[in-house]
Amino acid sequence: MKEIQIPSGMRDILPGNSINKRHLQQKVEQIFHLYGYLPIETPLLEFYETYRSSFSRLEEDTLYKFVDENGQILVLRTDMTLPIARVCATRYSQEKPPFRFSYCSNVYKVRQSFAGKRNEVTDCGIELIGLDESSDLEVLNCALEVMAELSEDHYVLEIGNIRLFRRACDIAGIPEESAAVLSDLIDRKAMTEVKQMVDALNLREQEKEFFRRLPLFNGPDSLAEAAEYCFAEELLVEIEHLQCLQEQLCVLGNRDHITFDLGKVPHLEYYTGIIFEGYAQGISSAVLSGGRYDHLLAKLGRDLPAIGFGVKLDVPVPMVKDTLPEIQKVYYRRGEELQGILKARELRKRGPVTLIPEDTEADV
Amino acid sequence: MSLSIALTKGRLEKDAVELLDLCGYGTEKLKNKGRALVFEDTREDFRYFLVKANDCITYVEHGVADCGIVGKDTLMEGGSDYYELLDLKIGKCKFIIAGMKDHNPLTMSGNIRIGSKYPEAAKRYFLSRGLDAEMIRLEGSVELAPVLGLCDGIMDIMETGRTLKENGLVVYDTVCDISARVIVNKASFKIKRQEIMKFLTDMERAVERCSE
């Protein structure tokens, strides 16, 4: 017999997991609701052109592509940030910012086969568009509240700021092309390659030392350490900005749950300021991720600063034990369907009820 | 919190265990393996397990292992969702391009066919040289392929160069140096930072003592 399969990287989510996932979704969305974010939905399909013109380094092979009836190339959305930015830049082009949107939608990426990775995940998050860095604290605080809801006490939100690296490259005179390669090495903490590359660049010793150490400026006390190696006043300003955030987040009661990683410098062309990821004990990848992206909306036609984050709802789900609800059963004889329904109607006031014809149960 | 450490079986195993010894860890069980697959450290709160090189990356990416010890050759071929924090300077060798005498795949004209256990890494290398080569994936005895005419050249790791020489092959280029690295699961690095930093510092010291 021919087995019917589903495409690679896809997964059926059966009731036990589905109930847990919805439960998590409700908890997270309730937080977004209380922060004043309004829900939004966008199409599953976008034009390839929208993605191509918005990301200078688009990972082509991770996109699901199709062709529509007019020969235009379509893609399955890989994230919700771009579609929401598109909506803001077009449909809200005349409205006064800021805009606060929340979403919970499936996003798609083609990933390595047979690596146990998923190509379809549910992304649940927020975008705050039209406010500058003064809103960073509010968004971080919201992210911390979400983490607390997802994983009780064993979580940590790790914060970086990509501008520290960018400024350092500018001041040291590292060309754009090399900065992109270096950022990738630093982000992967590939220590040997970072050292090789930095040594080969034409830099002063003080600058080399800073870049070599950057991947290891992480942990709750890393800001003070990094400040010692900053080779310019402008870099210290960036550190002080983070120290200020740290103090404020501590005042808000997050002391044990925040840490810093100044070597967190992914997607240099996309992020422009703070960048953060949430990790929970027992989960082997980031549960939450986000950052500031002040250049994206300009590419879509309306120049507005923006920040956002998303939770990958499928990641924390396996941590929760399956909880199927208790369902009462009402049996009825053939020909007495009506009585059955009336009885069930009464019982449904107290919880879920299913109707079962008496003779089917006996057969099983 | 306890650490799980994936070690690569075979070529790197002995040197890696020696480094663990130099750190003062309790590796007795790793040395008298028997049929076991998972080994508890007798002094530290560590669990070791031995896996094939490619699987080492997979175990670390999924967080089943917090840390892994694996060759740079394997890392260049496989995924990249991990931190690569330390060069252990063991299992040293080179990635090289070789071919038959008077048949340099880097300067020949026409369609270039390259046999390799590392087709992805080889593809990237040829592209970086502006050459569009066709990759043929091989699983072992790579030196044999150009001799028998399956391909024009190979990209492989070379320790001494003896096997190549014995098969009449010439090295046409060195792609890069290879050695074993410590890779770390990204989430583990945040959640078990202290334990992992201690392990890395111990290992770094052991590497320094080895090179003295």
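Two strands count as paired if DSSP finds at least two bridges between them. In this predicted model, β2(B) and strand β3 (residues 46-51) of chain B are joined by three bridges and run antiparallel, and Phe39(B) has Tyr48(B) as its bridge partner in β3(B).

These strands belong to an open sheet of six strands with mixed pairing, whose order in chain B is β2-β3-β1-β4-β11-β5. Because β2 (38-40) and β5 of chain B stand at the edges, each with a single partner strand, one side of each is left without a neighbour in the sheet. Neighbouring strands are turned against each other by 25° on average, direction ignored. Helix α1 (residues 13-22) of chain B packs on the sheet, where it touches β1, β3, β4 and β11 of chain B, and its direction makes about 145° with that of β1(B). Helix α9 (residues 193-211) of chain B also packs on the sheet, touching β1, β4, β5 and β11 of chain B, with a direction that makes about 30° with that of β5(B).

Within chain B, the domain assignment gives domain 1 (3-91 + 179-211) and domain 2 (93-178), whose C-alpha centres lie 29 Å apart. Their contact takes seven residues from domain 1 of chain B and eight residues from domain 2 of chain B, and helix α4 (residues 72-77) of chain B gives the most to the domain 1 side, with four residues.

Notes. Residues numbered from 1 in each chain as written. Chains lettered and ligands numbered in written order. Predicted model: local features only at pLDDT ≥ 70, side-chain atom pairs only at ≥ 80, totals over all residues. Domains from an automatic or database assignment. Contact = placed C-beta atoms within 7 Å. Helix = DSSP H or I, 4+ residues; strand = E, 2+ residues; numbered from the N terminus. Axes fitted to C-alpha atoms, helices over the stretch in contact; angles between N-to-C directions.
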